[in-house]
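This briefing goes through one structure topic by topic. Keep the sequence and the 3D view open while reading.

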Amino acid sequence: VIVVATWDEQELGAAAREALGAAAQLAGALGEDVALVCLGGDGSGPAAEAGTHGAAQAVVVEGAVGAEGALAALAEVAGELGARAVLLPSDDRTAEIAPRLAERLGGTAVTQTVGLEISDGRPLWTRAAYGGKALAAVAAVAEPVVATLRRGAFAAAQAGAGTAEISTRGAPATNGTVELVGMEPAASGASLEDAKVIVSGGAGLGGAEAFGPLEELASLLGGAVGASLAAVDAGWASAERQVGLTGKTVSPDVYFALGISGASQHLAGIGGAKAVVAVNTDPDAPIFNTARLGVVMDCHTFVSAMLERLRSTQ
Amino acid sequence: VHAVVLLKEILDWELPASRFRVDAEAKRPAADLGPTLLGPFEQNALELALKLRDGGAVDRITAVLAGPGDSVDALRKALALRCDEAVHVVWDGIDTADPSQVAELLVAAIRRLDAPELVLAGRQAGDWDHGQVGYLVAERLGWAAAGLVLQAEQSGDRLLVRRAAVGGVEQLAVRPPAVLTVTSDPSLVLRMGSVMDRMAANKKPIERWTTEELGLTADRLAAASRLRLERVWVPEVERRCEVIDGDDPGEVAATVLARLEELKLLTRSA
């Protein structure tokens, strides 16, 4: 069995559909079925879509709280089903869960994967390394494989015919050494992962106050605001806005990189963008190697001009 | 509480992609790409250890560096910031080791230390970017784990931890012994040591432990491997940037918007 886990609450999101797409490929090659494990809310929404997206069964786990709860639940379900692989969307939650789950199952974690091919009947994973400057092909020595999949790297499963057997269970107990005591929700604003347009600022912006005009620009374009690691480290933008290897992986239609030089760390997060518009005073900045459109200009000047233009045509 | 900080030296992570090359045969970066430096998330982990000591939650810090025999700058830096002890676990194989092997080595080293109750590791080493070692160490020691930690402070017999999570920041109460993996946060920029402390650090001893001393034969380390590295390469990037020139920012902005609309990437109600 190939297990796909989702934390989606209402319906299957893009990350889960991408994982189901990868699961279908793997299941086909290994002659296995796919099971969807639903860990968010009551899970009934995503479970209802499991069958039409290629899963033979859906397991809804109720009340699995936090990373500890999810880890215990996935270890139990994957163990019972004899999973040969567990596929998880790559994010801040699975960064912790994947290695720990692999260890508990006696298997192998493969993180930040961007590709999968079957070589001699065995899965060969491609993953990014060195901040995206290199790619590496790796094979797991021990099953099951617990893989985290980068957003936008795998083709999503398309809805078709099919039904899944749905079961529901409670979450197994955890040992209480780590307790979730509170949550500080991210400041409101459009989700970076789902945004069609992202306006992102980096070190070249020079200060937190420059993010105000970026908010307005993003809002006029119907998009979201992102930031580079340098801008987050400087305290100009909050961590959940960070795009890059250690932040969000995004796949918008247009990604405005404003005052972002284009360190590999950052580029690793924007590979899925259809077009990057780079604005930088340094014509030799590496970001121009990735950009579709480039403007050599002070980014404050550019943002002001964009705002003026967009306000006047509203 | 005796805290252990796990350090690693890596190739300069700001080396531009245009200069990065790999040795395909050795399945690793080319040997001449420059010196190794203390990794960015390891710097954050070290700073968190120092902050916990400032706050009284930690009274002793041991810095452990796993790496080849030729560089201990990271340990000198840790000593200059008044870490109490420095241990160099010498292993030339670390460059191409998988996370399971590195964890095997570090678990053996941690078990040899004097009753540590807290391990701080970077969220991922900025070379292979696996992001696994801290968690594997926690599981193998049977300790609690919390990942992507931004801040931590003591509260009774627990550590109150803020960590990056999907949808915001989670607050956790963690009961030691525990492993925390640390991510970047404005509060975790590594402090500068004083000149006096740096000079004093040069006189402090660095313990050297070999794999054999830790009871790890080459066979045992090989058997710990879970990931087989088949191939490493540099992805090709095709430059196709269309530069939009102009002295009038208003016109440049208009051209950018018009081009994005032509490319059907942007639709505006206007």
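In chain B, the residues B:Pro99, B:Ser100, B:Val102, B:Ala103, B:Glu104, B:Leu106, B:Val107, B:Ile110 and B:Arg111 of α3(B) meet B:Val133, B:Leu136, B:Val137, B:Arg140 and B:Leu141 of α4(B). By type, the residues of this contact are 10 nonpolar, 1 polar and 3 charged. The model is predicted.

**How the two helices cross**

- Two packed helices are described by the angle between their axes and the distance between the axes.
- The axes of α3(B) and α4(B), the latter covering residues 133–141, come within 9 Å and cross at roughly 55°.
- The crossing of α3(B) and α4(B) has a right-handed sense.

**Chain B as a whole**

- Chain B contains 7 helices and 15 strands.
- Its C-alpha atoms fill a box of roughly 70 × 50 × 40 Å along the principal axes.
- Of the 270 residues in chain B, 53% are buried.
- Among contacts in chain B with a separation of 6 or more, 72% are between residues 24 or more positions apart.

**The sheet with strands from both chains**

- Strands of a sheet pair through backbone hydrogen bonds, either parallel or antiparallel.
- An open sheet of 10 strands runs in the order β9(A)-β3(A)-β2(A)-β1(A)-β4(A)-β8(A)-β5(A)-β6(A)-β7(A)-β14(B), and its pairing is mixed.
- Which strands stand at the edges? They are β9 (165–170) of chain A and β14 (227–233) of chain B; each has a single partner strand, so one side of each has no neighbour in the sheet.
- On average, neighbouring strands of this sheet are turned by 35° against each other, direction ignored.
- Strand β3 of chain A, residues 57–62, pairs with β9(A) in the parallel sense over 6 bridges.
- A:Glu62 stands opposite A:Gly170, which is in β9(A).

**Helices packed on the sheet**

- Helix α1 of chain A, residues 14–30, packs on the sheet and touches β1 (2–6), β2 (34–38), β4 (85–89), β5 (108–119), β6 (122–129) and β8 (145–149) of chain A.
- The direction of α1 makes about 175° with that of β1(A); angles over 145 degrees count as roughly antiparallel.
- Helix α4 of chain A, residues 94–105, also packs on the sheet, touching β4, β5 and β8 of chain A.
- The direction of this chain A helix makes about 170° with that of β4(A).

**Cis peptide bonds**

- A:Glu143 and A:Pro144 are joined by a cis peptide bond, with omega about 0°.
- A:Pro144 sits in the loop between β7 (134–140) and β8 of chain A.
- In chain B, a cis peptide bond joins B:Pro176 and B:Pro177, with omega about 5°.
- The loop that holds B:Pro177 is between β11 (168–174) and β12 (178–182) of chain B.

**Positive phi away from glycine**

- A:Asp120 is not a glycine, yet its phi is positive, about 55°.
- A:Asp120 lies in the loop between β5 and β6 of chain A.
- Is A:Asp120 buried or exposed? With a relative accessible area of 79%, A:Asp120 is exposed, because exposed means over 50%.
- B:Ala115 has a positive phi of about 45° and is not a glycine either.
- B:Ala115 is found in the loop between α3 (99–112) and β8 (118–122) of chain B.
- B:Ala115 counts as exposed, at 56% relative accessibility.

Methods
Residues are numbered from 1 along each chain as its sequence is written. Chains are lettered from A and ligands numbered from 1 in the order in which they are written. This is a predicted model: local features need pLDDT of at least 70, side-chain atom pairs count only at pLDDT 80 or more; totals for chains, interfaces and linings use all residues. Side-chain values use heavy atoms; hydrogens and water are left out. Two strands pair if DSSP finds at least two bridges between them. Helices (H or I, at least four residues) and strands (E, at least two) are DSSP runs, numbered from the N terminus. Axes are lines fitted to C-alpha atoms, for helices over the stretch in contact, and angles run from 0 to 180 degrees between N-to-C directions. Contact means heavy atoms within 4.5 Å. Buried means under 20% relative accessible area, exposed over 50%, partly exposed in between (1.4 Å probe, protein chains only). A crossing is left-handed if the near helix is turned anticlockwise from the far one by less than a right angle, and right-handed if clockwise. Ala, Val, Leu, Ile, Met, Phe, Trp, Tyr, Cys and Pro count as nonpolar, Asp, Glu, Lys and Arg as charged, and the others, Gly among them, as polar.
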